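Hi,

Here is the structure I promised to pass on, with some notes to go with it. Have a look at it first, and then read on.

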Amino acid sequence: ENQELQNEKLENAQINTIGKLSGGISHEINTPLTVINGNLEMLKQSIKNLEDQEQKSYMLEDLKDVEINLNRIKNIAESMREIGDTHNFKLKNVNLYRAIIFALRLTHHKSKKITKIRFQNQIFSIDLERDKQEFLIKADQAKLEQAFMAIVDNALDEFELKGGYEQNLLNIKILEHSDRLEVIFQDNAGGVEPSLLPDIFKPFKGKKQHRGLGIGLSVVKKIMEQHNFDIKFENADGGAKISVVIPKP
């Protein structure tokens, strides 16, 4: 018990230290990003004024990739800030279905090249109605959407490593029980090494240290704890399965 207590204290100290550092780093990243985004908009306008239609088309297409990766940097910076941020947490009525749709829309530029996504028994498309179903919960909408984006992005990274497209599937569903809702994210990307499962939500402990910061799922865990939602990661059906249990208001 004493060892478990010491481990918990050490983990909290690590997260607090990372939070303090990442808050400053996030600010330093966002400052030049603001300048880059401003110049990018001016560049885009200059390209639109070109007379050569073919050249204009190619250049605007290239700028889309630049914008996508700038947004990815922005999301990384936001994730770093979230690790140490315990403020600005506001609960309100949120449609769980809509929050997932929003997360899927923001990751669609990446997912459309990697895997099919099925949500509530239909293949997701960018024009899927956002309020087709209603599951009202109490949540901080921005933080919850960020957590869902990180879960989806984690699955997409595993599909990128796996390769292929036709056989790939990320299946998302909302299950309703008498006293709770449960959101299931199930992929068929192969899962993770069993030895990694106990530390899967710890910063810098996950499988993807070589692919990124290794803090995505730790941010997800922190957001769920702020909401008093339960989250579980396991290997199932040839892939990874993340379950989020949400009490009904």
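How many cavities of 30 Å³ or more does the count come to? The count comes to 1, where a cavity is a set of points, on a 1 Å grid over the protein atoms alone, where a 1.4 Å probe fits but cannot get out. I come back to its lining further down.

Two notes on conventions. This is a predicted model, in which local features need pLDDT of at least 70 and side-chain atom pairs count only at pLDDT 80 or more, while totals for chains, interfaces and linings use all residues. Residues are numbered from 1 along each chain as its sequence is written, and side-chain values use heavy atoms, with hydrogens and water left out.

**Overall picture**

The average pLDDT (the predictor's confidence in each residue, from 0 to 100) of the protein chain is 85, and 84% of the residues score at least 70. Please treat residues 208–213 with care: pLDDT stays under 50 there, and the model has 11 contacts beyond four places in sequence for them. A contact here means heavy atoms within 4.5 Å.

The protein chain has 6 helices and 8 strands, taken as DSSP runs (H or I, at least four residues, for helices; E, at least two, for strands) and numbered from the N terminus. Their order from the N terminus is α-α-β-α-α-β-β-β-α-β-β-α-β-β. Among contacts between residues at least 6 apart in sequence, 71% join residues at least 24 apart. Of the 249 residues, 39% count as buried; buried means under 20% relative accessible area, exposed over 50%, and partly exposed in between (1.4 Å probe, protein chains only).

Beyond four places in sequence, I172 touches I100, L104, I117, R118, F119, Q120, V152, V183, I184 and F185.

N95 caps the N-terminal end of α3, with a side-chain oxygen 3.1 Å from the backbone nitrogen of Y97.

Back to the largest cavity: about 60 Å³ of space lies in it, a volume being the space filled by probe spheres set on grid points that are joined across faces, edges and corners. Lining residues have an atom within 4 Å of a point, and among them are I151, N154, L170, F185, F233 and I242. α5, β6 (180–187) and β8 (239–247) each supply at least two residues of this lining.

**Two loops that meet**

N168 lies in the loop between α5 (141–162) and β5 (169–176), and T115 in the loop between α4 (108–111) and β2 (116–119). The two are 53 residues apart along the chain, yet their C-alpha atoms are separated by 5.1 Å. N168 counts as buried because its relative accessibility is 0%, and T115 counts as buried because its value is 3%.

The side chain of T115 reaches the backbone oxygen of N168 at 3.3 Å. A polar atom of the N168 side chain, in turn, lies 2.9 Å from the backbone oxygen of G164. Beyond four places in sequence, N168 touches I114, T115, K116, F159, K162, G163 and N188, while T115 touches L156, F159, Y165, N168, L169 and L170.

K110, in helix α4, counts as buried because its relative accessibility is 11%. Its side chain makes a polar contact with the side chain of D157 at 2.6 Å; such a contact is a pair of N or O atoms within 3.5 Å, where one must be able to donate a hydrogen and the other to accept it, and residues adjacent in sequence count only if both atoms are side-chain atoms.

N121 has a positive phi, near 70 degrees, and sits in the loop between β2 and β3 (122–123). N228 has a positive phi too, near 65 degrees, in the loop between α6 (216–227) and β7 (230–236). N121 is exposed at 72% relative accessibility, and N228 is exposed at 61%.

Best wishes

How values were computed:
On a 1 Å grid over the protein atoms alone, a cavity is a set of points where a 1.4 Å probe fits but cannot get out, and a pocket is an open set with protein on both sides within 12 Å along at least five of seven lines; lining residues have an atom within 4 Å of a point.
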